[in-house]
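Visitor: Please pick one part of this model and take me through it slowly. I would like to know how it is put together and what the numbers mean.

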Amino acid sequence: MIQQGIKPLEMDFTDEESIIAASKHFSDQPLDVLINCAGVYYPWDDKPFTELTADDLISHFKVNTGPFLTSKYFLPALSRSKGGKIINISSDFASITDNAGGNACYRISKCALNQLTKNMAMDLEKISPNVKTIAVHPGYVPTKMTGYVGEDDMERCIQGLVEIVEKFGTPGWEEKLPNSGYVRWSGEIMRF
């Protein structure tokens with residue numbers, strides 16, 4: 001059930017026109033939270049980078065860095081909010097420090113999403129300081145993308161994500177959930 005005031009919009013991260021059309025739903029209304037939840041990962045991706053192609057990498061980038069376009073086109077609505085928030089759904093696979101190899105296309109494209117999150121935060125401090133960004137690893141939960149396999153409890157992860165959405169950008173949470181940060185669903189700060 002969707003709570004009052006929540007407007008879910010579906011768009012294709014590989015189709016800029018669909019993103020522009022979706023952003024027009026807000027015309028001159030403020031948008032408090034934009035959750036960029038996009039991901040493409042293929043089981044066949046878990047092989048050495050030498051067995052992957054440029055097209056494999058590009059297809060991952062188009063989707064996994066799609067928040068570049070949504071953040072750009074929804075920024076006017078976010079800027080009208082007293083405290084706009086951009087929540088980018090990342091992955092623990094984006095961590096360079098914790099990289100164990102394999103899944104190169106997914107890892108590289110999600111790492112780029114984390115860099116985008118940081119870059120947007122720095123730019124927004126100058127052009128729209130009321131808008132903050134954070135990258136969040138949602139947990140390894142059973143979804144269509146993971147082939148319905150996962151190690152984390154979905155209910156706990158969802159509850160953690162809800163808490164992050166609610167607390168991020170609010171007074172007293174700046175250190176635990178920093179602007180431009182990268183955190184786990186539990187709120188634990190992750191290493192880039």
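Guide: Happy to. A residue is called buried under 20% relative accessible area, exposed over 50% and partly exposed in between, with a 1.4 Å probe and only protein chains counted. By that scale, 39% of the 192 residues in the protein chain are buried. The model is predicted, so to speak of local features needs pLDDT of at least 70 and side-chain atom pairs count only at pLDDT 80 or more, while totals for chains, interfaces and linings use all residues. Numbering starts from 1 along each chain as its sequence is written, and side-chain values use heavy atoms, with hydrogens and water left out.

Let us look closely at the sheet. Helices (H or I, at least four residues) and strands (E, at least two) are DSSP runs numbered from the N terminus, and two strands pair if DSSP finds at least two bridges between them. Here four strands make an open, parallel sheet in the order β1-β2-β3-β4. Because β1 (33–36) and β4 (181–184) are at the edges with a single partner strand each, one side of each has no neighbour in the sheet. On average, neighbouring strands are turned by 25 degrees against each other, direction ignored; axes are lines fitted to C-alpha atoms, for helices over the stretch in contact, and angles run from 0 to 180 degrees between N-to-C directions.

In the pairing of β2 (residues 84–89) with β3 (residues 131–137), six bridges join the two strands in the parallel sense. I89 faces V136 in β3.

Rings of Phe, Tyr and Trp (its six-membered ring) pair if their centres lie within 6.5 Å; planes under 30 degrees apart are stacked, over 60 edge-to-face and the rest tilted. The whole structure has four aromatic pairs. One of them is F26 with F74, edge-to-face at 6.0 Å centre to centre, with 75 degrees between the planes. F74 belongs to α3 and F26 to the loop between α1 (16–23) and β1, 48 residues apart.
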